[in-house]
Structures are given as C-alpha cells and as structure tokens.
Amino acid sequence: MRLFAATIATETNTFSPLPTSLAAYRESVFLRPGEHPDDTPLMCTAPLWVARRRAKKEGFTLIEGSCFAASPAGTTNRADYEFMRDEILGQLKAAMPVDGVLLGLHGAMVAHGYDDVEGDVIERVRAIVGPKAVIGVELDPHCHLTLKRVKLADIIVLYKEFPHTDVVERAEDVLNLVLRKLRGEINPVTSLYDCRQIQSYPTTLPLMRAFVDRMIAMEGKNGVLSISIGHCFPYADVPELTGRILVITDGDKKKADRLATEIGEEFVSMRGKTMPQYYGVDEGIGVAMESNVAPVVMADPADNAGGGAPSDNTTILRRLIERRAEETLVGPIWDPIAVRLCFDAGPGAEFALRFGGKIGPTSGQPIDATVKVVGLKRDCRQSFGPTQVPLGDCAAIKVGGVNVVLISNRTQALGLELFENVGLDPRAAKMVVVKSTNHFMAAFGPIAKKVLYIDSDGPLSRDYRQIPYRRLQRPIYPLDDKTSPGLIA
Ligand SMILES: [Zn+2]
C-alpha cells in the first residue's frame with residue numbers, strides 16, 4: 001500500500017492589508033520531502049507527521065511531498081501559489097501509482113484567481129490519482145467547506161476544538177478512515193448541511209463544549225464514522241463562506257442526511273449564543289482595573305494575527321498607558337523595526353521610541369513614548385499544544401506601569417513564553433492583554449483569574465455586519481433576517 005502526503009496551507013483574510021507571497025511561507029513552513037522534523041507537527045502538517053510515525057507498523061509506504069504553510073494574512077500571490085501547488089502535484093505524479101493521498105490543508109486559503117484553493121488542489125490530485133484512490137483531508141474548522149471539496153475528497157475531518165488542541169488526534173482520524181477504506185472495512189458516504197450563518201464558536205464556553213462532546217460521543221458507533229462542524233472563517237470575501245455540518249457514515253446515506261440535518265438544525269438554533277460577551281475598550285479596562293483578583297487576562301480578538309490582522313493596533317495599549325495601568329503586560333505587538341531599535345539601544349536603555357500603529361488605518365496611530373528596554377532575546381518561540389511557533393527576535397519595553405512585548409515574526413499570543421522569553425511573568429501581573437481570538441485560552445486560561453474579551457477597532461470586527469462583503473452568497477445570518485438552511489449534499 002502506497003500513500004502520498006503533503007501540505008499547502010494558510011488562512012486568508014482577503015481584507016488584510018498584508019499580501020502573502022512565497023516569503024511568508026519561507027518564514028513559516030517551507031519543507032521539501034524528508035525535511036519535516038520528526039519531533040513535532042508544524043502548521044497543518046499533522047497528516048504527514050502521523051503517517052510517517054505509523055507507516056512501518058501499519059504496513060504502508062509513505063511518499064512524502066513538500067509542506068508549505070504561512071501565517072494568516074492577505075490573499076496569496078497567484079504565481080507563488082501555482083509554484084507550490086505544481087511542485088506537490090509533480091511529486092505526486094512521480095510517486096504514482098498510489099492508493100491514497102493525505103492532505104494537510106487549512107481550508108480558508110485564497111490566492112489571486114482562486115477563491116477555493118483547497119478545491120483546486122483536491123480536483124487536481126483527483127485527476128492524477130483517479131477515482132479509486134482514497135483522498136483524505138484534514139482541515140481547520142475556520143474553513144470554507146465548499147461543495148467541490150466535499151464531492152472530490154473521500155474523507156474530510158475538521159479539528160473539533162477551538163483552541164485547536166486536537167490537530168494530531170484529527171489527523172489520526174483521517175489516516176484511520178483512509179486505511180480502513182483501503183482495506184475494504186468501510187464505505188464512507190458524506191452529507192453536508194449548510195447552516196447559512198457566520199459566527200464564532202469557542203469550545204471553551206459551555207454551550208459549544210457540550211455540543212462538541214456530544215459529537216465526539218456519537219462517532220465510532222452505529223455506523224457514524226465522523227462528524228465535523230465547519231465554523232466558517234468570517235474574514236474572506238468568497239461565495240461559500242458559511243457554517244456547515246459534515247457527516248460521514250458507513251454506507252448509509254439516509255442516516256448521514258438525517259444526522260447532518262439534526263445537527264445542522266441544532267447549530268442554527270445556537271445562533272447568537274456561542275460567542276463570549278465583548279466589552280468596549282474603556283469599559284473592559286475599567287472592569288479589569290477594578291478587579292480584586294489577578295491576573296485578569298484581556299483578549300483583543302479584533303487584532304488577532306491568527307486571523308490575518310497585523311497585530312500592531314494600539315488602541316487598548318494607548319488607553320492603558322493614559323489610564324496609568326500598573327503591573328500590566330501587553331503582547332504581542334508586531335513591529336520588527338521597533339525590535340531592531342530596542343536591540344540597538346541595548347538592555348536597560350531608556351530612549352524615545354515610536355512603535356505599533358504602522359500597517360494600516362485599522363492599526364490606529366503609532367505610540368511615541370520614552371521607553372525602558374527591560375528584556376531582549378533573539379529567535380524566540382512559544383508553544384501551542386505540541387507545536388512550536390516562532391516569534392523571531394523579541395523586545396520587552398516598559399512605559400509607566402505597562403510592559404509591552406514587541407515581536408518580529410507576526411503571530412498571535414499562544415504560550416506564556418511570549419512574555420517569559422523576555423523576563424516578564426504573566427502569573428504575577430495584574431492585567432495581561434493578549435492579541436488572540438481564543439487560542440490564548442489553552443495556556444492563559446489556566447493562569448487567569450478572570451478573562452475578558454474586548455472588541456477594539458482592529459481589523460477583525462466581531463460584528464460581521466460591518467465587514468464589506470461583496471461576493472458572499474446571501475441571505476446569511478447575521479447580515480440577513482431570513483435565511484434558508486438545509487442539506488446541500
Ligand atoms: Zn482555526
């Protein structure tokens with residue numbers, strides 16, 4: 001048995017002011033066959049990593065293709081996408097004949113000329129391997145679960161957790177289902193229900209937690225092979241942006257239809273109930289300053305680099321400085337130039353620095369202040385579950401009672417190391433502001449005495465009615481009052 005595995009992935013915010021080129025992939029994941037590290041999967045590479053570990057034991061040969069992944073930002077350069085795609089397709093052709101293909105994709109990648117990159121990749125892979133080969137795909141729940149990909153792939157499994165702490169487990173699911181189909185043990189059939197809604201669904205909140213736990217309990221019983229909940233990725237102007245439910249059963253299409261409909265209808269009934277409470281900037285700061293427990297962790301989801309934002313919006317930071325907040329940490333602010341200036345100034349230096357507020361109108365204005373350099377470290381990392389996420393060179397600066405971590409490799413707040421690398425202890429702080437939607441909860445949730453979500457004026461508004469969609473299929477909640485959810489495949 002011969003399986004081929006590869007990755008091409010990013011999460012594209014088509015409204016982001018940061019275009020994505022090959023340079024962004026080179027900074028993140030740019031690995032040729034055999035170069036993938038053994039110790040840990042990287043962004044969206046878990047199918048290859050899992051298959052490599054199991055190949056010998058399970059009696060199949062793994063042919064490794066390239067792995068390309070970039071941090072979320074704007075639309076990918078067309079020629080660069082085609083270069084990466086064609087490299088992988090060339091490797092697949094050279095590997096033929098194969099019995100199966102494992103694709104580690106994100107699911108919300110857009111390139112100039114390609115609204116549905118993953119659909120394009122799967123279609124071209126299918127054309128090479130033929131109808132009998134089994135194509136298994138792992139996607140992020142913040143994906144566009146398009147009809148094209150559901151029709152052309154045999155197995156699609158989405159992560160269930162948000163924060164995404166189950167990337168490896170879901171890759172195991174993909175591999176298990178692909179192997180079982182190849183061994184003739186199962187006959188996967190798929191149903192897809194379109195909920196016609198845009199929303200955010202952290203699984204750390206009780207309603208969504210219970211919903212996901214019930215899906216997990218249904219899998220592996222009574223012919224139910226897999227249930228995936230497509231959250232959607234709200235910051236892309238593509239037609240098929242919507243929440244969708246994907247059910248795979250063993251040979252029973254009616255059952256898949258019935259279950260997808262039941263789950264889909266329940267998901268529709270959860271509209272407006274799955275998001276946390278969002279505070280205004282001053283309101284949230286006020287609540288945190290008056291808190292008698294510490295640390296209070298405050299999220300700034302509107303400037304989450306994980307959703308393609310620059311992560312240099314200064315609005316919350318400026319108000320904290322103006323309101324003379326004490327023992328407060330803020331991070332990360334992506335500003336490689338300011339990091340460079342801090343290294344030039346040196347540890348302990350006090351100097352006038354302009355930082356943040358640079359990339360676009362949604363970044364706010366830069367902050368000009370006399371800062372003290374309190375921490376410097378080159379080539380930093382933070383952990384997120386089993387993966388290590390590079391931060392680049394980092395500097396910690398202090399303005400009054402507010403400590404700010406400046407980073408040079410744009411990413412969201414994920415691990416405590418974001419602060420610890422540069423000598424700051426988030427456990428000992430009164431307030432900790434993290435730029436992240438919900439992934440921060442994996443590491444910061446356990447140390448937080450209170451968590452507040454603040455809706456700043458960063459580019460990822462939590463009010464989806466404010467997003468200037470032009471190509472999105474309508475009607476859809478919450479943009480339209482009346483919608484028509486239903487089974488579409
Ligand atoms: Zn995601």
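Modeller: Donors are N, O and S atoms within 2.8 Å of the metal (3.2 Å for Na, K and Ca), and water is not among the atoms, so sites may look incomplete. This is a predicted model, in which local features need pLDDT of at least 70, side-chain atom pairs count only at pLDDT 80 or more, and totals for chains, interfaces and linings use all residues. Residues are numbered from 1 along each chain as its sequence is written, and side-chain values use heavy atoms, with hydrogens and water left out.

Biologist: What spacing do the donors of the zinc ion follow along the chain?

Modeller: The spacing is D-x1-H-x21-H. Asp140 (OD), Asp140 (OD), His142 (ND1) and His164 (NE2) coordinate the zinc ion at 2.1 to 2.6 Å.

Biologist: Is Asp140 buried or exposed?

Modeller: Asp140 is buried, at 6% relative accessible area. His142 also counts as buried, at 11%. Buried means under 20% relative accessible area, exposed over 50%, and partly exposed in between (1.4 Å probe, protein chains only).

Biologist: Turning to the sheet, what is the strand order?

Modeller: The open sheet has six strands in the order β2-β3-β1-β4-β5-β6, with mixed pairing. β2 (29-31) and β6 (155-158) are at the edges with a single partner strand each, so one side of each lacks a neighbour in the sheet. Strands (E, at least two residues) and helices (H or I, at least four) are DSSP runs numbered from the N terminus; two strands pair if DSSP finds at least two bridges between them.

Biologist: How many bridges join β4 to β5?

Modeller: Five bridges join β4 (residues 100-105) to β5 (residues 134-139), and the two strands run parallel. Gly104 stands opposite Glu138 in β5.
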